Amino acid sequence: MNKPSVVFLNKICKQFPLEIGGIQQVLFDITFDIKSGEFVAIMGPSGSGKSTCMNIIGALDTASSGTYELYGKDISTLSPDDLATIRNEYIGFVFQNFNLLPKRNILDNVMLPLMYRGISINDRNKRAHEMLSLVGLEKFESYLPTQLSGGMKQRVAIARALSGNPKLILADEPTGSLDSKMGNEILKFFKKLNTDMGITIIIITHEFEIAQYANRIIHIYDGHVTYDGPIPKNEQSLLKSEQRYKK
Ligand SMILES: Nc1ncnc2c1ncn2[C@@H]1O[C@H](COP(=O)(O)OP(=O)(O)O)[C@@H](O)[C@H]1O
Ligand SMILES: [Mg+2]
């Protein structure tokens with residue numbers, strides 16, 4: 001049986017108005033389909049449009065044209081309020097700079113996404129505690145983010161992303177602020193979430209080494225998908241795929 005699509009982008013274009021007048025087109029006819037249970041890396045050099053694409057997938061921004069279906073529902077034309085509801089229900093976010101609240105302890109940080117769901121404080125506490133145990137930080141619940149290492153902060157961010165029981169995790173350069181050892185641990189953790197819990201994961205990266213943790217690479221160059229398939233043996237074929245769009 002065909003697995004259902006989690007994310008289906010069809011000819012997505014994105015343009016930004018420039019202050020000096022005119023527009024800059026950042027995404028061109030981006031089309032791909034990500035199925036439930038996949039672990040995908042969206043890879044490309046800096047400035048290629050990865051974060052713009054992630055913002056659309058994450059319902060943080062909308063496309064200029066094209067359609068976007070999340071779990072079979074066209075969300076390209078929803079209002080900002082409806083998008084916020086969808087985000088909260090379906091998606092867990094992990095960012096390069098962790099985005100933790102510096103003055104709240106890590107238990108509070110992990111409980112935060114549950115605030116908007118009408119869940120009792122006791123249940124929120126319980127869920128946050130479980131998620132912090134899952135990432136191995138149950139002993140640090142009362143610590144502030146500033147007291148932790150980068151790798152631990154990112155584990156808190158992952159616990160927060162998981163607390164809402166998301167179907168999809170979106171991680172934008174999740175190891176970009178970590179040394180290679182901590183970075184590898186985080187990537188192995190994503191891999192485990194994908195294989196053990198079946199969570200669909202999309203990571204954004206500019207590094208082939210990192211993309212290799214995924215099962216599929218979507219390579220973006222200057223706003224175009226130039227490769228979409230299994231992890232190639234080396235980076236050469238990805239770089240070669242850029243040729244067609246080199247100016
Ligand atoms: N809000 C915005 N307004 C104008 N230009 C933007 C905006 N966001 C991104 N861009 C431009 O879009 C291009 C791609 O950016 P981005 O998606 O952040 O790339 P990446 O994440 O691959 O480094 C860049 O040229 C960037 O300057
Ligand atoms: Mg980016």
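Let's start with an open sheet of 6 strands, which runs in the order 6-7-8-3-9-10 with mixed pairing. Strands here are DSSP runs of E with at least two residues, helices are runs of H or I with at least four, and both are numbered from the N terminus. Two strands pair if DSSP finds at least two bridges between them. At the edges you'll find strand 6 (91-95) and strand 10 (224-229), each pairing on one side only. From one strand to the next, the twist averages 15°.

Look at strand 10 again: with strand 9 (residues 216-221) it pairs in the antiparallel sense over 5 bridges. Tyr 221 has His 224, in strand 10, as its bridge partner. Helix 6 (residues 180-197) packs on the sheet and touches strand 3 (39-43), strand 7 (168-172) and strand 8 (200-205). The direction of helix 6 makes about 155° with that of strand 8. Such angles run from 0 to 180 degrees between N-to-C directions, with axes fitted as lines to C-alpha atoms, for helices over the stretch in contact.

## A word on the model

This is a predicted model, where local features need pLDDT of at least 70, side-chain atom pairs count only at pLDDT 80 or more, and totals for chains, interfaces and linings use all residues. Residues are numbered from 1 along each chain as its sequence is written, while chains are lettered from A and ligands numbered from 1 in the order in which they are written.

Another open sheet has 4 strands in the order 2-1-4-5, with antiparallel pairing. Strand 2 and strand 5 (73-74) are at its edges with a single partner strand each, so one side of each has no neighbour in the sheet. Strand 1 (residues 5-17) pairs with strand 2 over 9 bridges, in the antiparallel sense. Lys 14, for example, has Leu 27 of strand 2 as its bridge partner.

## Around ligand 1

Which residues are around ligand 1? They are Phe 16, Gln 24, Val 26, Gly 44, Ser 46, Gly 47, Ser 48, Gly 49, Lys 50, Ser 51 and Thr 52, counted when the C-beta atom, placed from the backbone, lies within 6 Å of the ligand. Strand 2 (23-35) and helix 1 (50-57) each supply at least two residues of this shell, and helix 1 gives the most, with 3 residues.

## One residue in contact

Leaving aside neighbours within four places in sequence, Leu 170 is in contact (C-beta atoms, placed from the backbone, within 7 Å) with Met 54, Ile 57, Gly 58, Ile 91, Phe 93 and Ile 202.

How values were computed: Two residues are in contact if their C-beta atoms, placed from the backbone, lie within 7 Å.
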